[in-house]
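Hi there,

Here is the structure I promised to pass on. Have a look at it first, and then read my notes below.

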Amino acid sequence: MSIKGRDKEFRTPKTTYVDFKHIEMDRVLTMLFPRLKYDGYASRRPPRGGDLTVEEFTEDFIEHPEWFAGFDRYPQVVHRWIETDLMDVVNRGKANQAIAAPRPLHGNTYKFRNAKHTRDYGAAEQIYWMLFYARKGKGQAARDALKAFFFPGIDLVTDRYDPSSPVDVETQAILRLDHQVTQDMKDSKEPSRFQPLCIGQADIMADDILRLLAYEPYVPRSVLVDYLKTLMAFHLAIYHLKLLQILPKLVKQRSGNDLCGIKACPINPGSDNALEGCPYRLSLIVDMGDVNNPHMSELARKSTDRLYRQIPAFVEANFIVKKLDEMAEYLSKKTGKIASPASGVFSVGDLVSLLNAEYENDRQAYFKFRLASLIEESTAGNDDVDPEIREVTTMGLGEFESFIEILMAYRGKYHRQYITECLDSLLQKNKENGLLAQSRAKGSPRRFVLGSKLLEVLLQVAVLTQDGGRFVTREIRIEELLAFLRNRYGLYIDVLPEKYQVHSSILDRRALRLNVEAFKRRLREIGFYVDMSDAYVTQKISPRYSIGKTNTSGNDGGKQ
């Protein structure tokens, strides 16, 4: 039997906009651009005859030698440059190679996208609405800063390119092609707006983006774009790892959590202990990759396994929220048995409250019909009831509970697989800008490992502090950095989370000590840390790019 129609629907933006699939951050950034440009709306353009190709872009440069002198003399070199440096290519090197879109170096690259190759599975929407709802003005400031950074040289009113605008050669090359897509407009469809279940994570992401963009005058544009991609993937991963805990608990307690609302959430990105008071604080034990420290690898493996084992409970909780949402819409709009909330939209907290005893009769009556319809579909043209359904119906459960059990029996494994794949992609598994490692052997365990490029991005955030309303860089000590990673993101490198410290052993403490040494070696490798002496107070991390109090442009700061 296969579940059909709305009975198999799983995605609900009230939980997350993400449709759990493998996600590529280049495509996420590409699809974020129109939402930044049109304040949350998607873009709409007339369909074109076929996909844009490298050959078409090459011909444009050859036909316009005034753009870049000498390009017309070396067409093969230009072709290779466009293919390798300017384009996000799918199936690279294979017979079915195709362009997804130009690399997301400028906001207008979304206009060149080949739609079937640039699916972001809702990740751009998730990022945008997290920033939209981020508190204390940080979300608006982050969206404005991203728009200013990604749309240089473009008049957003006329959508015209100003050739005199100072941008790097790759961005200028992409903007020269802007005439290829002359029609583009805001989609008329009103976007759905849902507050993230973890508003505090949205606050931290907005604050981190503002910090990174403070480096704009000092960091090469392509490097800063890569920093932003890495940071956004990291925050999407952290947010969804939190969801694995949050949603099942909301379903279990049958009510929303006021502490996670916009007014009460205790997370404060400006504090030294940003996560203090968070009831869903993550505790990720992170291995720094020392092959001579197998016990640390085991601690990180167990930490990863604990979170990934929560996926089935999340799948069930999401199905419950999704189906209660369908019930609420029916009972409020069709029969009037349930009053719509003042906002006109049922929140996740409103929906899980429908599990309470006062709604028992309405719930069972509604799902009695849905369950009968589901069973009828499964036996169409067949007198025998599917064994999975027969097993559930003999368990003595209510109609709603039976309905959810059947969905889990037929769709649970499917969604667990794709959520795992999605988390792996957001955690950038086995990449230097990631937080996850897994050997290629089938069935091998995952473990949290901090990649060098992700560490570099988080370091760039850590060395910034506010001074007079603007960000400036500073030196920080090793223990300050470790505390920053622990108290802002839940990354445990030098100590175990408090709930595990009671049962810690000598082996645990030795593994953590070796892990700190590996952490220092990694800092040396990426050029942030030099030992001046054995004295602990002199073991400081220096900013790679210096931003001083008097710096107002790239003239007063630079690479050290």
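At roughly what angle do the axes of helix α5 and α8 cross? The answer is roughly 145 degrees, and the axes of α5 (residues 138-150) and α8 come within 12 Å. Axes here are lines fitted to C-alpha atoms over the stretch in contact, with angles running from 0 to 180 degrees between N-to-C directions. Helices (H or I, at least four residues) and strands (E, at least two) are DSSP runs, numbered from the N terminus.

Before going further: this is a predicted model, where local features need pLDDT of at least 70 and side-chain atom pairs count only at pLDDT 80 or more, while totals for chains, interfaces and linings use all residues. Residues are numbered from 1 along each chain as its sequence is written, and side-chain values use heavy atoms, leaving out hydrogens and water.

Lastly, look at Lys263, in the loop between α8 and β7 (284-285). Is Lys263 buried or exposed? Lys263 is exposed (over 50% relative accessible area; buried is under 20%, partly exposed in between, with a 1.4 Å probe and protein chains only), because its relative accessible area is 87%. Its C-alpha atom is 9.7 Å from that of Ile199, 64 residues apart along the chain.

Happy exploring!
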